[in-house]
Amino acid sequence: MNHLFHAESVQSTESVPESKAMSHVFHRSAKQTPPVATRGEGGYIFDKAGKPYLDGSGGAAVSCLGHSDPDVIAAIKAQADAIPFAHTGFFTSEPAERLADRLIAHAPEGLDKVYFVSGGSEAVEAALKMARQYFVEIGEESRGRFIARRQSYHGNTLGALGTGGNAWRRAQFQPLMVETSHIAPCYAYRGQEDGEDLVAYGQRVADELEAELLRVGPETVIGFIAEPVVGATMGAVPAVPGYFKRIREICDRYGILMILDEVMCGMGRTGTLFACEQDGVSPDIVTIAKGLGAGYQPIGATLCTARIFDAFQNGSGFFQHGHTYIGHPMATAAADVVVTKLTDGGMAARAADMGEKLGAALFEAFGQHPHIGDIRGRGMFRGLEIVADRETKAPFDPALGINKKVKAAAFEAGLICYPMGGTIDGVQGDHVLLAPPFILTDDQLGELVDKLGQAFGAVL
Ligand code: PMP
């Protein structure tokens with residue numbers, strides 16, 4: 001038996017390898033071997049023992065179409081039969097061209113070109129380098145740093161991690177980080193002052209961008225990067241009305257690029273294909289991944305405006321960046337079907353409708369719960385903040401590991417949800433992130449809320 005199997009872990013014993021030495025996979029949780037997923041059906045994943053798990057978080061906001069979409073699978077098979085791979089140093093492919101056209105047809109105004117990669121961190125990495133090279137191309141070489149927000153996650157590669165503001169993830173890699181300053185997140189639950197209305201709060205925190213630009217010198221800054229709806233580090237926190245419009249104005253005033261990271265909140269997750277549509281802004285660069293491939297293929301993309309692309313075209317003519325698998329034909333073929341379903345197939349609109357129902361059900365079940373301080377989010381992207389005391393908003397002692405216990409109890413009950421803990425703008429807190437497949441039925445949404453209630457009942 002695996003002697004490092006923890007009693008409170010989320011594993012089921014059937015699928016744990018006989019001994020630690022038997023698994024040569026470097027599992028991220030180095031002390032645990034997770035159960036083996038063998039089958040997917042709609043919104044459920046089955047482990048080797050046949051236990052069903054309702055996928056209440058789409059993994060990490062990935063599986064927007066569930067786990068057995070026949071059209072996406074057929075597109076992958078057809079592309080594998082035609083041509084699985086052709087290096088972009090020599091060729092483009094039909095699915096990559098088709099997908100880029102489709103994304104741009106539905107993208108916020110001004111976005112015109114798509115750079116494909118294989119995942120979210122790569123999309124952010126490409127965005128950061130594209131932004132820097134853009135300024136090199138136009139002769140503004142003094143720009144060499146970013147501004148981001150304290151509570152944010154942009155990926156685990158060094159550039160993305162460097163701009164991300166999550167102290168716990170960054171701590172041991174500090175010497176390797178790109179130069180970034182961090183301003184406050186837009187987080188009304190804890191940030192709004194007594195008597196301050198939401199719009200005034202949003203303007204106040206957005207104005208921190210201007211103050212930071214003036215402090216470091218605008219001519220040294222490449223861009224500002226933020227998630228329109230913050231995912232992993234805070235649990236589905238949208239900005240307040242007007243916040244991103246103000247950010248847009250400040251970026252324009254000082255000539256820096258506005259980069260939105262929609263890796264988690266994009267692709268219909270919040271009820272519109274791009275989350276920033278609901279904030280009424282168009283970024284200079286936007287990153288997407290996760291829901292783009294819906295879990296069927298690893299794919300991400302970085303979209304930019306014609307102004308940025310033109311600088312490359314009229315300048316060196318070459319983006320000094322790239323990976324072997326960019327624009328992979330099987331990945332782009334899968335994503336093209338996914339995006340077609342999200343747009344023409346009405347799946348993003350369904351995320352808006354079902355998300356309203358999910359939000360209402362969460363309020364009904366947990367709106368008065370003594371340990372749920374805040375319920376928030378948009379569409380099929382919802383977060384619940386767990387607190388020790390609703391009145392004071394005091395969090396639980398982090399040593400209690402509340403979020404890990406909720407994850408384990410939910411998993412035991414057959415529900416996958418995405419609880420996280422960590423410092424939320426100076427406060428150590430716990431939250432649960434929900435990001436279910438958009439295809440879930442009303443009954444399955446009910447099952448999700450019931451099982452989450454069981455998990456809370458066992459832990460809180
Ligand atoms: N940006 C955001 C907003 C994310 O949520 C994530 C992943 N959670 C990433 C970037 C990194 O994506 P990936 O894990 O696919 O590299």
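In the predicted model, seven strands form an open sheet of 7 strands in the order β4-β12-β11-β10-β7-β5-β6. Pairing within this sheet is mixed. Strands β4 (111-117) and β6 (180-183) form the edges, each pairing on one side only. From one strand to the next, the twist averages 20°. Strands of a sheet pair through backbone hydrogen bonds, in parallel or antiparallel fashion. Strand β7 (residues 221-226) and strand β10 (residues 257-261) run parallel and are joined by 4 bridges. Within this pair, G223 has L257 of β10 as its bridge partner.

Two helices lie across parts of the sheet. Helix α8 (residues 198-216) lies across β5 (145-149), β6 and β7. Its direction is at about 145° to β6. Helix α10 (residues 306-314) lies across β4, β11 (285-288) and β12 (300-305). The angle of α10 to β12 is about 90°.

Helix α3 (residues 94-106) contains A96. This residue is buried, because 24 other C-beta atoms lie within 10 Å, and the cut-off for burial is 20 or more. Beyond its neighbours within four places in sequence, A96 is in contact with F116, G327, P329 and T332. The C-alpha atoms of A96 and A333 are separated by 7.1 Å, although the two residues are 237 residues apart along the chain.

A96 also belongs to a helix-helix contact. Helix α3 packs with helix α11 (residues 329-342) at an angle of about 35°, their axes being 8 Å apart. The crossing of α3 and α11 is left-handed. From α3, the contact is made by P95, A96, R98, L99, R102 and L103. From α11, the contributors are P329, T332, A333, A335, D336, V339 and T340. By class, the contact of α3 with α11 has 8 nonpolar, 2 polar and 3 charged residues.

The crossing of α12 and α14 is right-handed. On the α12 side, the contact comprises M354, K357, L358, A361, L362 and A365. These residues meet D442, L445, G446, V449 and G453 in α14. The residues of this contact divide into 7 nonpolar, 2 polar and 2 charged.

Strands β13 (residues 372-378) and β14 (residues 381-386) form a hairpin with 2 residues between the strands. The two strands run antiparallel and are joined by 6 bridges. R378 has F381 of β14 as its bridge partner. In the hairpin, G379 takes a positive phi near 55°. Strand β13 is mostly covered, with 7 of its 7 residues buried.

The ligand is surrounded by 15 residues. The closest are G120, S121, G155, V263 and M264. Helix α4 (residues 120-137) supplies the largest share of the shell, 3 residues. By class, the shell around the ligand has 7 nonpolar, 6 polar and 2 charged residues.

Technical notes. Residues are numbered from 1 along each chain as its sequence is written. This is a predicted model: local features need pLDDT of at least 70, side-chain atom pairs count only at pLDDT 80 or more; totals for chains, interfaces and linings use all residues. A residue is near a molecule or strand if its C-beta atom, placed from the backbone, lies within 6 Å of it. Ala, Val, Leu, Ile, Met, Phe, Trp, Tyr, Cys and Pro count as nonpolar, Asp, Glu, Lys and Arg as charged, and the others, Gly among them, as polar. A residue is buried if 20 or more other C-beta atoms lie within 10 Å of its own, exposed if 12 or fewer, and partly exposed in between; C-beta atoms are placed from the backbone. Two strands pair if DSSP finds at least two bridges between them. A crossing is left-handed if the near helix is turned anticlockwise from the far one by less than a right angle, and right-handed if clockwise. Two residues are in contact if their C-beta atoms, placed from the backbone, lie within 7 Å. Axes are lines fitted to C-alpha atoms, for helices over the stretch in contact, and angles run from 0 to 180 degrees between N-to-C directions.
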